[in-house]
Amino acid sequence: TDWWVWGLDVEANYQPAEFLYQSAKCGIMDWDAAVRIQGGVPVAPNVLAYGSVGYSFAHFDQSTYYSAAVPGSTGADYIGGGIQLGLGIDAMLNDYTMMRLLATWTNYGVHSIKNGGTEVGSSEPSLVNARVGVAWKF
């Protein structure tokens, strides 16, 4: 219908972040990338509210934690991928400038850490992210 707006959103980010387990640093994530399909409806003449679903990849490194806890472990430096869900609002401030508020939740799946072929641990990172942005339309 005329009220629905659909689009494709692709992003890549460098955003170093630490992951904690029982208040101790257990790893880092240094980059992520996502592809999302977004669908929304106008809630005011210049405001669009939307939801999104997509897939995200990220690089995780938990080798410092696992090499200390389980010497000889492998697989703690990996790229995880999983579903991403989001909610957002875009508002046109003038003919060329737009403001965006976007919140996403991503689960990067379960990853096994091994020592000699035996699983010694697993990791299932997830991330909640809130973003505020300004875009220029050309």
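Colleague: Which residue stands opposite Val10 in β2?

Modeller: Val35 stands opposite Val10. Please note that this is a predicted model, in which local features need pLDDT of at least 70, side-chain atom pairs count only at pLDDT 80 or more, and totals for chains, interfaces and linings use all residues. Residues are numbered from 1 along each chain as its sequence is written, and side-chain values use heavy atoms, with hydrogens and water left out.

Colleague: What makes β1 and β2 a pair?

Modeller: Two strands pair if DSSP finds at least two bridges between them, and strands themselves are DSSP runs of E with at least two residues, just as helices are runs of H or I with at least four, numbered from the N terminus. Between β1 and β2 there are 15 bridges, and the two run antiparallel. They form a hairpin with two residues between them, and Gln22 in the turn has a positive phi of about 50°.

Colleague: How do you know that β3 and β4 pair?

Modeller: The antiparallel pairing of β3 (residues 47–61) with β4 (residues 77–92) extends over 15 bridges. Within it, Tyr55 has Ile83 of β4 as its bridge partner.

Colleague: Why do β1 and β8 stand at the edges?

Modeller: The open sheet has six strands in the order β1-β2-β3-β4-β5-β8, paired antiparallel. β1 and β8 (126–136) each have a single partner strand, so one side of each lacks a neighbour in the sheet. From one strand to the next the twist averages 20°.

Colleague: Why is Gln38 called buried?

Modeller: Its relative accessible area is 10%, and buried means under 20%, exposed over 50% and partly exposed in between, with a 1.4 Å probe and protein chains only. Gln38 is therefore buried. This residue of strand β2 is in contact (heavy atoms within 4.5 Å) with Val5, Trp6, Gly7, Asp9, Tyr50, Gly51, Ser52 and Arg100, leaving aside its neighbours within four places in sequence.

Colleague: Why does Trp31 count as partly exposed?

Modeller: Trp31 has a relative accessibility of 31%, so it counts as partly exposed. Trp31 also belongs to strand β2 (residues 24–44). Neighbours within four places in sequence aside, its contacts include Phe57, Ala58 and His59.

Colleague: Is Ser52 buried or exposed, and why?

Modeller: Ser52 is buried, because its relative accessible area is 8%. Ser52 lies in strand β3. Beyond neighbours within four places in sequence, its contacts include Arg36, Ile37 and Gln38.

Colleague: Why is Gly88 called buried?

Modeller: With a relative accessible area of 7%, Gly88 is therefore buried. Gly88, in strand β4, is 40 residues from Leu48 in sequence and 8.3 Å from it in space, C-alpha to C-alpha.

Colleague: What surrounds the largest pocket?

Modeller: The lining has 15 residues, with Leu20, Tyr21, Cys26, Gln62 and Ser123 nearest the centre. On a 1 Å grid over the protein atoms alone, a pocket is an open set of points with protein on both sides within 12 Å along at least five of seven lines, a cavity is a set where a 1.4 Å probe fits but cannot get out, and lining residues have an atom within 4 Å of a point. About 230 Å³ of space lies in this pocket.

Conventions. Points joined across faces, edges and corners; volume = space filled by probe spheres on them. Axes fitted to C-alpha atoms, helices over the stretch in contact; angles between N-to-C directions.
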